[in-house]
Amino acid sequence: MNTPLHHLADAHNARFGTSGVRGLVADLTDAVCYAYAQAFLRSVAAASPRIVVGHDLRPSSPRIAAACIQAMRDAGREAVFVGALPTPALAYYCALHGAPGIVVTGSHIPFDRNGIKFYRADGEIDKADEQAILDAEVAVPEALSPAPLPAVDAAALEAYVARYTHFFGTGALAGMRVALYEHSSVARDVLRTVFERLGAEVLSLGRTDTFVPIDTEAVRAEDIAQARAWAQAHRFDAIVSTDGDADRPLIGDETGTWLRGDVVGILCAQYLRADVVVTPVSSNTAVEKCGAFRRVMRTRIGSPYVIAGMDAHRGAGRVVGYEANGGFLLGSDVERARVVLQALPTRDSLLPMLALLAMARTKGCRVSQLADALPRRFTASDRIQNVPTEFSRALIARLQQAPAEAAALMAPDAGDVTAVDTTDGLRTSFATGEIVHLRPSGNAPELRCYAEADDESRARALCDACLACIVSVL
């Protein structure tokens, strides 16, 4: 019997978040995943005979991919299985072949959770597509038994490698030594391939078969300490890593200090000589203050909103987007030395890595010196995990109506509230020029805090103090 997908999704707590479907692995049953894939085929991908499917390295991802592929087989569609590969590599392959795609990944969230991202041939689905998927009627077989995964089409991975080796050119990173924090990133092997083809020496560190939930906006204390320890033990020009599905970069300098994602975004946009930059409201205000771009547009947090903003500026020159997590989106083609880098309107971790390393090599400076010319604005972010979304929303709604309480809770020593931005959550500016921003995560039961100040330690102190105050009232 047919039923709207949203009934099944709600019953299993498997819903769309900031980017893609998210849920506990226990709730992402074969039936739920089959239903989501079927709904995608019936709504967004109704006219497509071939669907590209890939996944990350989470233990549950192959099973979920098999359930999605079974829905394609039952619908008479061809599944092009590209195996374990970065999410942006799948998106690029979809664009090359004019085919929609599905990638099974939970990105940076803990391994007991997972998710599914959907792509049209021209990039990520938008919020209207999400609603169309939820409204689609589905029918799941009573005796569902997904067949084994098909053979892997390796062409997708090679196309992704060629994209960047062709644009940057052989020898672009010659003489550089790059440390690769591999952990359980699905990109750990392809990153080595690209760096070596561009002439860099690669040092592999921290590889594990146990899934590590790297969050590039809230880097774990152990990863901060480990990178600095590696810098003392090994000589390198930079250290790089990604989240689980490799659409968010983690880039560190020669001292093992991780760069903030919104600073990475500004530097990459400068390297590409962007005219228009689209970025969420949570990103560092140095993007406006540096004066390097003709237009800066602010959006809600989440790549679908950044993509919508880039679409609104199509034809306005070189259009790029980035998020505070460092994920970089290319909204228009970029040409350099008669070589064209095709637009890729989805988060990518590899482009900003290569851009910053190439920039340092061209300037003859260290990676730690790249941001020296930017305005002195620093951001910090963290989150409280296992916080019910209902609590976060209620708290933010209350603080919006009570500026004095907001100041006392969010930044008691920063002066009066001078401005409030409710684009996404509650972003409050204070008399000192400092900013504190609260919002519920769109992917997990977490309350996130972002802080900005003229001093790095002050930004961190603001973030930590705000979250500590909230923990005390939980």
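**View 1. The surroundings of Gly 317 in the predicted model.** Leaving aside neighbours within four places in sequence, Gly 317 is in contact with Asp 275, Arg 294 and Ser 332, where contact means heavy atoms within 4.5 Å. Gly 317 belongs to the loop between helix H11 (303-312) and strand E16 (319-322); helices (H or I, at least four residues) and strands (E, at least two) are DSSP runs, numbered from the N terminus. With a relative accessibility of 35%, Gly 317 counts as partly exposed, a class that lies between buried (under 20% relative accessible area) and exposed (over 50%), with a 1.4 Å probe and protein chains only. Gly 331 is 14 residues from Gly 317 in sequence, and the two C-alpha atoms are 9.8 Å apart in space. Residues are numbered from 1 along each chain as its sequence is written, and side-chain values use heavy atoms, with hydrogens and water left out. Because this is a predicted model, local features need pLDDT of at least 70 and side-chain atom pairs count only at pLDDT 80 or more, whereas totals for chains, interfaces and linings use all residues.

View 2. Five strands form an open sheet with mixed pairing, in the order E15-E14-E16-E17-E20; two strands pair if DSSP finds at least two bridges between them. Strand E15 (295-299) and strand E20 (344-348) stand at the edges with a single partner strand each, so one side of each has no neighbour in the sheet. On average, and with direction ignored, neighbouring strands of this sheet are turned by 20° against each other, the axes being lines fitted to C-alpha atoms (for helices over the stretch in contact) and angles running from 0 to 180 degrees between N-to-C directions. Strand E14 (residues 276-280) and E16 run parallel and are joined by three bridges, with Val 277 opposite Val 320 in E16. Helix H9 packs on the sheet, touching E14, E16 and strand E17 (328-330), and its direction makes about 165° with that of E16.

**View 3. Aromatic ring pairs.** The count comes to eight aromatic pairs, under a rule by which rings of Phe, Tyr and Trp (its six-membered ring) pair if their centres lie within 6.5 Å, planes under 30 degrees apart counting as stacked, over 60 as edge-to-face and the rest as tilted. The rings of Phe 168 and Tyr 271 have centres 6.1 Å apart and planes at 15°, so this pair is stacked. Phe 168 lies in helix H6 (residues 155-168) and Tyr 271 in helix H9 (residues 261-271), so the pair ties together parts that are 103 residues apart in sequence. Both Phe 168 and Tyr 271 are buried. Elsewhere, ring pairs link Phe 16, Tyr 36, Phe 40 and Phe 118 into a cluster.

View 4. E21 and strand E25 (residues 446-453) run antiparallel and are joined by eight bridges, and Thr 379 stands opposite Glu 452 in E25.
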